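Student: I would like to learn how to read local and packing features from a model, going slowly and with the cut-offs stated. Could we work through one case together?

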Amino acid sequence: DILGHDVPTFYKHLENLTGTSVMDADVCDPKLYEMLLTPEPMGVTEEDIDCNTGTLSLPELGTPFVRQMLLDSRPKNFSDMLQISGLSHGTDVWLGNAKDLIDNGTCTISEVIGTRDNIMVYLIHKGLEEGRAFKITETVRKGLVAKGKVSAEDWSAMEDDMRSHGVPEWYIESCHKIKYMFPKAHAAAYVISALRLAWYKVHRPLEFYCAYFTARPEDVDVPTIMNGKQAVRQYLQNIKAKGKEASKKELDVYNNMLIFNEMMSRGIEVLPIDIKHSHAMKYLPENGKMRLPFGALSGVGEKAAYSIYEAAQKGDFVSREDFQIEAGVSKTIIQNLADLGAMNDLPDTNQISMF
């Protein structure tokens, strides 16, 4: 998490919720590869979730750019996914390069240059001497050709070496455009992580979504969520209609609401925040549904969420005022909780009116 990668935390929550080790997630499950191209393995349609793949919420695979890459390249196996990961992290390797080669039928996703290692292995397979293959690979993957940092004479000699060993012109031209090339081992780590999580998404959806939101404690629009799927869809349409005028916060909430819409489309219901049942920050499965935590409420940070949770666990309060003092949070937060029905109809104060 310190490095900005929350997948290990995601793993931990999934294992705790399901009792299934991430090492047992089958990354070769055919449904995972179907989900790269359609949401149908999840039992929903593109219209249901406003997305043409099943990769929303999967690291490295959920952005509009990579989703379009998947549809353009049609990956069929793990090896193809390594290519996708390499191409999505390189510079000048997909747009204006590999994508064009695939679109015009010159080659397939498995044949384009996807990672830096591919260049050296391919050239050695073609018969180039290992040291020479390595030299060409280093020149290409660092972008020295594209950036003009290698002499025309040296690159011309490399091109001649490749041509003399049967390397096609499209491959040489592709090398010429590359400015940075991703390492294959790094691509493999990303792909394995994404496919492990995809297995849970297909086979343990409730626990997947609970773990997803717990690992990413970001703002969501609780009132809209509690008004149901149609309200969520209307919210998404409203933000989408704003286009570039939408604020960063609105876009962040929009991305989370897309996941809630997907979850609801799969038949998973959301339970409201409740002082007797909600955790501070964890989204928890409860009777086949998802229980929202205190931290889901806008304006409630982790510290405040745990203060509310600890006060709720004690249970010795008789009014909202009493609970607020015990939790040490603002009246506004308590009122917001009450507005959502989370206070179990507690009276405002300890005072009793006599008539």
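Student: In which loop does Asn287 lie?

Tutor: Before answering, note that this is a predicted model, in which local features need pLDDT of at least 70 and side-chain atom pairs count only at pLDDT 80 or more, while totals for chains, interfaces and linings use all residues. Residues are numbered from 1 along each chain as its sequence is written, and side-chain values use heavy atoms, with hydrogens and water left out. Helices (H or I, at least four residues) and strands (E, at least two) are DSSP runs numbered from the N terminus, and in those terms Asn287 lies in the loop between β2 (284–286) and β3 (289–291).

Student: What is the phi of Asn287, and is Asn287 buried or exposed?

Tutor: Most residues other than glycine have a negative phi. Asn287, although it is not a glycine, has a positive phi of about 55°. Buried means under 20% relative accessible area, exposed over 50%, and partly exposed in between, with a 1.4 Å probe and protein chains only; Asn287, at 74%, is exposed. Asp92 also has a positive phi, about 60°, without being a glycine; this residue lies in the loop between α5 (78–89) and α6 (94–103) and is partly exposed, with a relative accessible area of 34%.

Student: How do the axes of helix α9 and helix α10 cross?

Tutor: Axes are lines fitted to C-alpha atoms, for helices over the stretch in contact, and angles run from 0 to 180 degrees between N-to-C directions. The axes of α9 (residues 152–164) and α10 (residues 169–177) come within 10 Å and cross at roughly 150°. Since angles under 35 degrees count as roughly parallel, over 145 as roughly antiparallel, 65 to 115 as roughly perpendicular and the rest as oblique, α9 is roughly antiparallel to α10. Contact means heavy atoms within 4.5 Å, and here Trp155, Glu159, Met162 and Arg163 of α9 meet Glu169, Ile172, Cys175 and His176 of α10.

Student: At what angle do α11 and α12 cross?

Tutor: Their axes cross at roughly 125° and come within 5 Å, which means that α11 is oblique to α12. On the α11 side the contact is made by Leu197, Tyr200, Lys201, Val202 and His203, and on the α12 side by Pro205, Phe208 and Tyr209.

Student: How many residues of helix α12 are buried, and what do they pack against?

Tutor: Helix α12 (residues 205–215) is mostly covered, with 10 of its 11 residues buried, among them Phe208, Cys210 and Phe213. These buried residues pack against α1 (7–18), α11, α15 (248–265), β2 and β3.

Student: How many residues does the largest nonpolar core have?

Tutor: A nonpolar core is a set of buried Ala, Val, Leu, Ile, Met, Phe, Trp, Tyr and Cys residues joined through side-chain atoms within 4.5 Å. The largest one has 115 residues, and those with the most contacts inside it are Trp155, Phe260, Tyr283, Met290, Ile308, Phe323 and Leu337. Helix α11 (residues 184–203) gives the most to this core, with 9 residues. Leaving aside neighbours within four places in sequence, Ile308 is in contact with Phe294, Val300, Phe323, Ala327, Val329, Ile333 and Leu337.

Student: Where is Val66 placed, and which residues does Val66 touch?

Tutor: Val66 belongs to helix α4 (residues 64–73) and is buried, with a relative accessible area of 5%. Not counting residues up to four places away in sequence, Val66 touches Glu60, Leu61, Ile84 and Ser88.
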